[in-house]
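Welcome, and please take a moment to look over the sequence and the structure shown here. We will walk through them together, one region at a time.

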Amino acid sequence: MTKTTLLAASLAAALSAAAPAVHADTLKMECNVSGPWKPFCEHVKSRFEAETGHKLEFIEMPAASDEKLSLYQQIFAAKDPNAVDVLFIDVIWVGLLDKHLLDITDKVKDLEPAFFPTNWNNNVVNGRVKAVPGQVDAGMLYYRKDLLEKYREAPPKTWEDLARIAATIQEAEREGGNRNFWGFVFQGKAYEGLSCDVLEWIASYNGGTVVDPDGNISVNNPKAAKALDTAASWVGTIAPKGVMGYQEEESRAVFQNGDALFMRNWPYAYLLTQDDSSPVKGKVGVAPVPKGGPDGQHAATLGGWQWGVSAYSKNPDAAVKLVRILAEADTQKQAFLMLGIPPARIESYEDPEVQAKAPYLAQFRDVFANAVPRPSTPTRSQFPKVSKAMFNAGYDVLSGRATGAQAVADLEGKLKRIKGRDWK
Ligand code: GLC
């Protein structure tokens with residue numbers, strides 16, 4: 001062998017080790033690479049490309065879950081094989097998108113014991129696995145530890161405590177010169193996130209889950225009405241009117257800037273508030289979402305995201321490889337360290353690096369396990385309409401257009417019309 005052929009042979013060997021695929025394909029994965037997800041998207045890309053020899057490109061999606069769903073429904077209606085291969089699916093959509101998702105049962109079923117059973121089972125439709133859990137989620141209350149200490153208050157157990165503490169500290173902080181200070185921020189915009197907050201308020205007052213697990217419409221009750229009236233009483237008093245335009249990130253911006261005492265949000269916000277650049281680094285505590293009065297309960301809405309494969313993908317084998325990378329303990333740990341999103345792998349909660357970064361996570365394992373699901377299973381393919389009716393009802397009360405009692409009666413009527421003879 002001449003020197004050049006030797007070089008060519010070893011080059012070819014090196015290339016084939018790095019690129020085992022016979023035909024390099026380009027896959028498309030949902031990942032918002034132009035925002036804070038950039039390091040994670042790039043981490044996954046470099047692993048996937050090195051291990052498979054395929055290329056990975058990203059498609060970006062809107063932040064609001066309901067807007068993202070509409071886009072996917074358009075994409076899937078066109079059955080376009082080039083639009084997306086691997087997508088991130090909200091916990092409430094798996095049943096809805098079922099026929100557009102590849103059946104990956106035989107390719108991933110060995111992974112089942114690694115995940116929380118509720119999360120895994122959520123993704124099994126008619127006995128077939130349609131996606132693998134990528135992130136678990138549940139609502140929680142963030143508070144400013146330093147300010148509660150300064151004013152000798154404990155984290156609130158009920159919404160009534162929260163309102164009282166928020167009003168006192170807001171007034172004192174404003175008098176002290178912090179003119180833009182507010183007691184509480186949450187998600188008040190008319191979108192999927194408000195449905196999550198509405199469910200927490202109603203369930204926390206023992207007012208049910210809007211539609212019960214058997215499909216009965218249960219929302220028209222005095223406890224649900226009280227829950228909505230209570231939330232409306234915060235707007236313009238302890239919460240800025242602008243909260244009615246807030247999604248998760250707008251709430252976080254205000255809280256992280258040091259301009260709010262309490263925030264309702266998902267766990268992802270914690271690590272971001274602890275970034276070196278954050279004005280509230282080291283000053284943030286977390287607690288369960290408050291109860292509705294002393295007889296109420298701590299209710300956290302169940303959220304979470306799943307990795308699935310489009311049924312129209314031209315590269316199902318490579319897409320499954322990507323999903324398996326996304327399902328790995330190390331990938332989910334990286335997602336947590338880079339983005340703050342709680343892993344769906346059980347073992348991650350024992351990981352010392354994860355525990356050191358977010359001591360609250362261990363305490364939240366129970367909150368995740370007992371979180372309250374939105375009524376997406378009983379209302380089947382009608383859930384997007386149900387949720388829209390829920391967030392519109394919440395928005396009507398927050399904006400003062402309806403009382404709690406009017407809104408729950410009106411919501412019951414709308415849900416009856418959507419249901420017809422039965423949910424389908
Ligand atoms: C979080 C949850 C998701 C929910 C969304 C609402 O991303 O994980 O389930 O639908 O917030 O904004």
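The paragraphs below go from the domains to the ligand and then to some individual residues.

First, a word on the ground rules. This is a predicted model, in which local features need pLDDT of at least 70 and side-chain atom pairs count only at pLDDT 80 or more, while totals for chains, interfaces and linings use all residues. Residues are numbered from 1 along each chain as its sequence is written, and side-chain values use heavy atoms, with hydrogens and water left out.

Let us begin with the overall layout. The protein chain is assigned a domain 1, made of 25-130 + 302-369, and a domain 2, made of 140-300 + 376-419; such bounds come from an automatic or database domain assignment. Between the C-alpha centres of domain 1 and domain 2 there are 27 Å. Where the two domains are in contact, 24 residues of domain 1 and 19 residues of domain 2 take part, contact meaning heavy atoms within 4.5 Å.

Helices (H or I, at least four residues) and strands (E, at least two) are DSSP runs, numbered from the N terminus.

Now look at the polar atoms around the ligand. An oxygen atom of the ligand is 2.5 Å from a side-chain N or O atom of D137. For the side chain of W266, the distance from an N or O atom to a ligand oxygen is 3.1 Å. A polar backbone atom of G304 is 2.9 Å from an oxygen atom of the ligand. Taken alone, the ligand exposes 310 Å², and the protein buries 92% of that; accessible areas come from the Shrake-Rupley method with a 1.4 Å probe, and for residues only the protein chains shown count as cover.

Next comes helix 11, which spans residues 248-256. Its buried residues are E248, S251, R252, V254, F255 and Q256, where buried means under 20% relative accessible area, exposed over 50%, and partly exposed in between (1.4 Å probe, protein chains only). Among the elements that cover these residues are strand 7 (140-144), helix 9 and strand 10. Helix 11 is followed by G258, which has a positive phi near 90°.

Turn now to T105, which lies in helix 5 (residues 105-108). T105 is buried, at 8% relative accessible area. The side chains of T105 and D103 are joined by a polar contact of 2.4 Å, that is, a pair of N or O atoms within 3.5 Å; within protein, one must be able to donate a hydrogen and the other to accept it, and residues adjacent in sequence count only if both atoms are side-chain atoms. A polar atom of the T105 side chain also lies 2.9 Å from the backbone nitrogen of V129.

The loop between strand 10 (284-287) and strand 11 holds H298. Is H298 buried, exposed or partly exposed? H298 counts as partly exposed, at 38% relative accessibility. A polar atom of the H298 side chain lies 2.8 Å from the backbone oxygen of V289.

Finally, look at two loop residues other than glycine with positive phi values. R152, in the loop between helix 7 (145-150) and helix 8 (159-175), has a phi near 55° and is exposed at 77% relative accessibility. R380, in the loop between helix 17 (376-379) and helix 18 (383-398), has a phi near 50° and is exposed with a relative accessible area of 52%.
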